Amino acid sequence: MAFEVRPEQPMDREDVLRVIAAAFGDRGPLVADIWSGLGHHKRAGLVVEQGGHVLGHVGLSRAWVDARPALVEVWVLSPLSVLPERKGQGIGTALLAAAVETARDSGVPVLFLEGSPIYYGARGFERADRRGFLPASLERTPRAAFQCLCFDGLEDWMTGQLIYPDVWWTHDSAGLRDPELAELEERFAPRE
Ligand SMILES: CC(C)(COP(=O)(O)OP(=O)(O)OC[C@H]1O[C@@H](n2cnc3c(N)ncnc32)[C@H](O)[C@@H]1OP(=O)(O)O)[C@@H](O)C(=O)NCCC(=O)NCCS
């Protein structure tokens with residue numbers, strides 16, 4: 001059966017939190033809390049629905065690039081969640097494509113995320129440090145995981161550090177901490 005991607009509505013709240021919690025396992029409650037907390041900020045969500053059931057969700061929330069002349073409003077893509085029993089069916093890819101279109105249509109110059117360079121790199125994202133951006137946590141963000149997708153509105157002066165709203169910090173979720181950080185650095189370290 002085909003699935004539909006549509007904007008998240010207030011009535012989806014409980015379903016969305018359930019999908020996020022299920023997708024992220026042990027970290028589920030934390031990630032669901034972050035998405036709830038972002039409700040006090042500018043944000044947009046999309047869901048995949050099939051037969052009245054929410055199977056997946058993607059969130060976009062406002063952040064800034066601290067460029068020399070001015071703050072630049074951007075979107076951060078997070079979280080991306082698919083019900084474990086529905087993984088591998090293209091739902092994540094469909095949500096990602098729809099989120100990119102939403103971000104592009106909103107007029108922001110760039111969309112950021114922290115995530116797998118394999119998954120997101122195959123879907124149009126690139127390393128953000130190579131575009132002149134710095135991650136919100138300088139010390140604790142593996143550069144390969146700090147990714148962006150640039151739109152037509154990006155201008156040369158729009159470089160600098162990504163600034164997250166406080167929700168990411170109050171949930172200690174900017175970048176990674178050890179042991180996950182050390183494990184990921186090891187995995188992506190250049191081989192001798
Ligand atoms: C990551 C996630 C959103 C992908 O959704 P999905 O609907 O299963 O993805 P799709 O069906 O569109 O794509 C499947 C592909 O993604 C790959 N993939 C899934 N999770 C991945 C990961 N963590 N890292 C790299 N690749 C991954 C699969 O191997 C598969 O590859 P293939 O197309 O070459 O066979 C989903 O697995 C999920 O909810 N995971 C838990 C939460 C999470 O980690 N979210 C991302 C945070 S950055």
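Helices (H or I, at least four residues) and strands (E, at least two) are DSSP runs, numbered here from the N terminus. This is a predicted model, so to speak of local features we need pLDDT of at least 70, while side-chain atom pairs count only at pLDDT 80 or more and totals for chains, interfaces and linings use all residues. Residues are numbered from 1 along each chain as its sequence is written, and side-chain values use heavy atoms, with hydrogens and water left out.

Let's start with the pockets. A pocket here is an open set of points on a 1 Å grid over the protein atoms alone, where a 1.4 Å probe fits and protein lies on both sides within 12 Å along at least five of seven lines; lining residues have an atom within 4 Å of a point. The second largest pocket has a volume of about 160 Å³, a volume being the space filled by probe spheres set on the points, which are joined across faces, edges and corners. Its lining includes Glu8, Trp35 and Arg43. Helix H1 (13-23), H2 and strand E2 (43-50) each give two or more residues to that lining, and E2 has the largest share, with three.

The largest pocket holds about 1400 Å³ of space. Its lining takes in 43 residues, with Phe24, Arg27, Glu114, Gly115 and Ser116 nearest the centre. Among the elements giving two or more residues are helix H2 (28-37), strand E5 (110-114) and helix H6 (180-188), but strand E4 gives the most, seven residues.

H3 is another contributor to the largest pocket's lining. This helix covers residues 91-106 and reaches 23 Å from first C-alpha to last, close to the 22 Å expected at 1.5 Å a residue (that is, 1.5 Å times one less than the number of residues). Its buried residues include Ile91, Leu95, Ala99 and Ala103, where buried means under 20% relative accessible area, exposed over 50% and partly exposed in between (1.4 Å probe, protein chains only). An α-helix has 3.6 residues a turn, so residues three or four places apart point the same way. Just after H3, glycine 107 takes a positive phi of about 95°.

Beyond four places in sequence, phenylalanine 133 touches Val65, Phe146 and Met158, among others, contact meaning heavy atoms within 4.5 Å.

Serine 61, in strand E3 (residues 53-66), counts as buried because its relative accessibility is 1%, and its contacts include Leu38, Trp75 and Trp168. Glutamine 147 sits in strand E8 (residues 146-150) and is buried as well, at 2%. Among its contacts are Leu111, Phe112 and Tyr120.

Most residues other than glycine have a negative phi, and most peptide bonds are trans. Serine 78 and proline 79, however, are joined by a cis peptide bond with omega about -5°, and proline 79 is in strand E4. The bond from aspartate 178 to proline 179 is also cis, with omega near 10°; proline 179 lies in the loop between helix H5 (166-170) and H6. Aspartate 172, in the loop between H5 and H6, has a positive phi of about 45° although it is not a glycine, and with a relative accessible area of 41% it is partly exposed.
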